[in-house]
Amino acid sequence: MKKKMNIDYVGKKKYFFILSLTLIVLGLIFNIIFGTQMDIQFKGGTMVSYTFQGDIDKDEAAKLVEDTIGQQVTVSITDDRATNSNKMSIDLPGDKELTPENQDKLSEAMSEKYADNQIEFLEANSVDPTMGSEFFAKCMVAVGLAAIFLILYIGIRFRKIGGISAGIMAIIALLHDITIVYFVFVVTRIPVDDNFIAVILTILGYSINSTIVIYDRIRENRRLMGPKAEIGEVVNRSINQSFTRSIFTSATTFVAIGTVAVVAIITGVTSIISFALPMMVGIVCGCYTSLCIAGPLWVTWRRHKLKKQEDVKVQKAEN
């Protein structure tokens, strides 16, 4: 007979909380030291792109650009296996614009310096800093509205087990996931762009789905075990019953996204890599918070609330 899984998630909650806090503190330290790379579409600026063959040192190219136009720039080089060519992107941050004269001077300097690399001008795009800030703010509003609607949905669906508090704890767990995903962008030095927003919104839906499955089991077990059953016992049983489903679902999605990431690395499609890598971490983190954070956190709140109610009853009895 197959032995039922019986992990005491609630009893081990302090270890889970310590692990999460440690990761967040380490991420904050890394963020303070190295900062966050914001993409031009959020911070504003100008991006000029060239295609070329062979190899070019990006530091050498950056120095050439800065000497030519007199502005500090960031140069990145990507390999496009599909077209068998390379792409050089030159970023001028903030309100620094590339005048037509400087663009002509830059193209001439590039053609002269890298004549053997068949370098060619591809495109130039400019984003106003104000527009970039407004776009980022709108994206954050979208994330905030999604969180509010999730709380309302959980509050209505699970009102018999204290739905609003369950919804708030689920959102706290989601904020944990979003924070870890953000730190992935910081640590890997991936610029925060629209892929960051796409990953966040995807994780919001994916992670909350696993949490809702567990809450559904809690509601069912509360009915089966009766109102006198201790809340920690109910939550532990519910999480253990959902464990296999959560692991298998997360593993399947992780492998699928991982396959996409490997193909993107081989073909040099950086836009997919900057989505797939944080998404893979988000999937693992979402599975972890659904099993180890949301439920135990909710139990902690419920026990705290019950204790306050008992204290009030004791005070009334004494008076």
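Is glutamate 220 buried, partly exposed or exposed? Glutamate 220 counts as partly exposed, at 28% relative accessibility; buried means under 20% relative accessible area, exposed over 50%, and partly exposed in between (1.4 Å probe, protein chains only). The model is predicted, with local features needing pLDDT of at least 70 and side-chain atom pairs pLDDT 80 or more, while totals for chains, interfaces and linings use all residues. Residues are numbered from 1 along each chain as its sequence is written, and side-chain values use heavy atoms, leaving out hydrogens and water.

View 1. Helices (H or I, at least four residues) are DSSP runs, numbered from the N terminus. Arginine 223 is exposed, at 59% relative accessible area. Aspartate 216 is partly exposed at 27%, as is arginine 219 at 28%.

**View 2. The buried face of helix H3 (residues 58–69).** H3 has twelve residues and reaches 16 Å from its first C-alpha to its last, close to the 16 Å expected at 1.5 Å a residue (1.5 Å times one less than the number of residues). Ala61, Ala62, Leu64, Val65, Thr68 and Ile69 are buried. These buried residues fall within an arc of 160° seen down the axis, so they line one face of H3; the arc is that of the directions from the helix axis to the C-beta atoms.

**View 3. The exposed face and the ends of H3.** Asp59, Lys63 and Asp67 are exposed on the face turned away from the buried side. Lysine 63 and aspartate 67 meet in a salt bridge (3.0 Å, N to O); because they are four residues apart in H3, about one helical turn separates them. At the start of H3, a side-chain oxygen of aspartate 57 comes to within 3.2 Å of the backbone nitrogen of aspartate 59. Glycine 70, with a positive phi near 70°, follows H3.

**View 4. A nonpolar patch on the surface.** Val25, Leu26, Leu28, Ile29, Ile32, Ile33 and Phe34 form this patch, with about 720 Å² of accessible area together. Isoleucine 32 lies in helix H1 (residues 13–34) and is exposed at 72%. Patches are made of residues with over 30% relative accessible area and no salt bridge, joined within 9 Å for like charges and within 5 Å for nonpolar side chains (Val, Leu, Ile, Met, Phe, Trp, Tyr). Accessible areas come from the Shrake-Rupley method with a 1.4 Å probe; for residues, only the protein chains shown count as cover.

Notes:
Salt bridge = Lys/Arg side-chain N within 4 Å of Asp/Glu carboxyl O. Helix = DSSP H or I, 4+ residues; strand = E, 2+ residues; numbered from the N terminus. Polar contact = N/O pair within 3.5 Å; in protein donor to acceptor, adjacent residues only side chain to side chain.
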